[in-house]
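Please keep the sequence and the view open while you go through the points.

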Amino acid sequence: MSTSSSASPPPPSPPDPVPSPTRRELNKAATRQAISDSTLELLRSKGPGKFTVEDIAEAAGISRRTFFNYFSSTEAAIASVTHGFLDIALQQFRLRPADEPILESARAALVELADPMTVSPMAELFSLTQASPLLARSELEAWDHCTEQIIAAARERTAHSPAGDMDELYLRALAGSVISCGRAAMEVWFRRCGTDLSAESLAILRQLLIDSMGLLGAGFAAPSPAALETQFPAPSAAPHSPERS
């Protein structure tokens, strides 16, 4: 008499291998990076609103027409610095196992960015845009764009999952929460470190980004007082000054 056993569900299919970029794609990526780098340098040296598309094109060694093949305005070129960091993080996200929870993958992707200097351009841009309402609005638009990129990356994962398509509400709420946590980490870092872009300061920012994903994954369970004291130590008392007679 034969016995029957329930078959275990098949393992999730591995992601399709990512094809190597063509020379044309590499050249386009290099041009885009040159524009982003030149824009950040001009923002650093001249300040917000004090340079033009022509200035960026000249600094990047391209024509004005070529600039508009990549970006619609100086603000869009500035926002590309934030996009650049997200692209690096998403590359790490896509390397994670397809059956891993999305938040765990997001946190692991940030952990993989071991060099604190990886976040340097985004951190510098964030600090430079705080005093400019116009650039702050562009920065918000960049984060909104990042939300759509996260949604796209999560949808790519569901294509290899036996569960099928992910619930749209869950997907958009999750992506929005990830971005909100990222912004919260940036704001806490800026309040603590200001415009300090040293390796130590950037290591703090990287850890705050990782911790923010951990908080989201844990359902925002309140940290213990001891953990709060470790993350946010009380400021040291100001030195006592003698009273004037």
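1. A nonpolar core is a set of buried Ala, Val, Leu, Ile, Met, Phe, Trp, Tyr and Cys residues joined through side-chain atoms within 4.5 Å, where buried means under 20% relative accessible area, exposed over 50% and partly exposed in between (1.4 Å probe, protein chains only). This is a predicted model, in which local features need pLDDT of at least 70 and side-chain atom pairs count only at pLDDT 80 or more, while totals for chains, interfaces and linings use all residues. Residues are numbered from 1 along each chain as its sequence is written, and side-chain values use heavy atoms, leaving out hydrogens and water.

2. The largest nonpolar core has 38 residues, and Phe85, Leu110, Val178, Leu205 and Leu209 have the most contacts inside it. Among the elements that give two or more residues to this core are α4 (74-94), α7 (133-158) and α8 (168-193), and the largest share, 10 residues, comes from α8. Helices (H or I, at least four residues) are DSSP runs numbered from the N terminus.

3. A second, separate core of 16 residues includes Leu40, Leu43, Phe71 and Ala77.

4. Arginine 183 lies in helix α8 and is buried, with a relative accessible area of 19%. Leaving aside its neighbours within four places in sequence, arginine 183 is in contact (heavy atoms within 4.5 Å) with Phe126, Glu139, Leu140 and Trp143.

5. Cysteine 181 is buried at 7% relative accessible area, and cysteine 193 is buried at 18%. Taking a disulfide as a pair of cysteine sulfur atoms within 2.5 Å, the count comes to 0 disulfides.
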